[in-house]
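Visitor: I've got a protein structure open and I'm new to this. Could you show me how to read its features, one by one?
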Amino acid sequence: MTAQPNTTAFPFSLERPTSQQDAENFCSALSGTMEALLSVIEMETDLVRAGKLREAGELQADKARLIHEYTRGMMTAKEHAVALGNLAPAATQNLRRQHGEFQPVLRINLAVLSTARDVANNIVSTVAKIAGAKNANAPTTYGRNGAAPNGPQSARGIAVNQSL
């Protein structure tokens, strides 16, 4: 017995459309998924730009679900492109246009997330270097009286600017 994919999780059918109504329903549902994903991505981008990373992280579950639906929908659309184009040419063309407009928004989101990750990595790296650094003025050789040099000194405190 082979496992059948769970098609009830998608707002559209994964089957090849056989009528104009099927094709239009598929395009409409996939378009709705794209609009919902676009909305979540724009909210995430705005929150990350505003430094509200915790709130942006709360969108992750919805974003992951919508990305899964969008990806599966686009794969299904490619599989049935001829049928969709023949049965619902206007809806298919609208879907192509919407997909083309969707790509720049994704690139902006990825750039914002990449910048935020780089900034966070830089902050953590800098704090780690400062917290674990030796005192630059401490001697590294034996002193005049033959005493051993002092070991590394621990950090004296860390200040975090949360306004960024």
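Visitor: Among contacts in the protein chain between residues at least 6 apart in sequence, what percentage join residues at least 24 apart?

Guide: That comes to 72%. Before we go on, keep in mind that this is a predicted model. So when you look at a contact here, ask yourself where its two partners sit along the chain.

Visitor: Okay. How many helices and how many strands does the protein chain have?

Guide: Five helices and zero strands. If you walk along the sequence, the pattern reads α-α-α-α-α.

Visitor: And what about inside versus outside? What share of the residues is buried?

Guide: Of the 164 residues in the protein chain, 23% are buried.

Visitor: Glu 44 has a charged side chain. Is Glu 44 buried or exposed?

Guide: Don't guess from the residue type; check the number. The relative accessibility of Glu 44 is 5%, so Glu 44 counts as buried. Glu 44 belongs to helix α1. Setting aside residues up to four places away in sequence, Glu 44 touches Ala 56, Leu 59, Gln 60, Lys 63, Asn 109 and Leu 113.

Visitor: Now a contrast, please. Is Glu 15 buried or exposed?

Guide: Here the cut-off to remember is over 50% for exposed. Glu 15 has a relative accessible area of 59%, so Glu 15 is exposed. Look for Glu 15 in the segment before α1. Glu 15 and His 80 are 65 residues apart in sequence, while their C-alpha atoms are 8.5 Å apart in space.

Visitor: What if a residue falls between the two cut-offs?

Guide: Then we call that residue partly exposed. Take Arg 65 in helix α3: at 42% relative accessibility, Arg 65 is partly exposed. Arg 65 and Thr 33 are 32 residues apart in sequence, and their C-alpha atoms are 10.0 Å apart.

Visitor: How many aromatic pairs are there?

Guide: The count is two. In one of them, the ring centres of Phe 12 and Phe 26 are 5.4 Å apart and the planes meet at 70°, so we call the pair edge-to-face. Phe 12 sits in the segment before α1 (20-49) and Phe 26 in helix α1, so the pair ties together parts 14 residues apart in sequence. Both Phe 12 and Phe 26 are buried.

Visitor: Last one: how do I think about pockets?

Guide: Rolling a probe the size of a water molecule over the atoms shows where empty space is left. In this model, the second largest pocket holds about 190 Å³ of space.

Visitor: Which residues line the second largest pocket?

Guide: The lining is made of Met 74, Ala 77, Lys 78, Ala 81, Leu 84, Thr 92, Leu 95, Arg 96 and His 99. Two or more of these residues come from each of α3 (60-79), α4 (81-87) and α5 (89-132), and α5 gives the largest share, four residues. Sorted by type, the lining has five nonpolar, two polar and two charged residues.

Technical notes: Residues numbered from 1 in each chain as written. Predicted model: local features only at pLDDT ≥ 70, side-chain atom pairs only at ≥ 80, totals over all residues. Heavy atoms only, no water. Buried < 20%, exposed > 50% of the residue type's maximum accessible area, 1.4 Å probe, protein only. Contact = heavy atoms within 4.5 Å. 1 Å grid on protein atoms, 1.4 Å probe; cavity = no way out; pocket = protein on both sides within 12 Å on 5 of 7 lines; lining within 4 Å. Points joined across faces, edges and corners; volume = space filled by probe spheres on them. Phe/Tyr/Trp six-rings, centres within 6.5 Å; stacked < 30°, edge-to-face > 60°.
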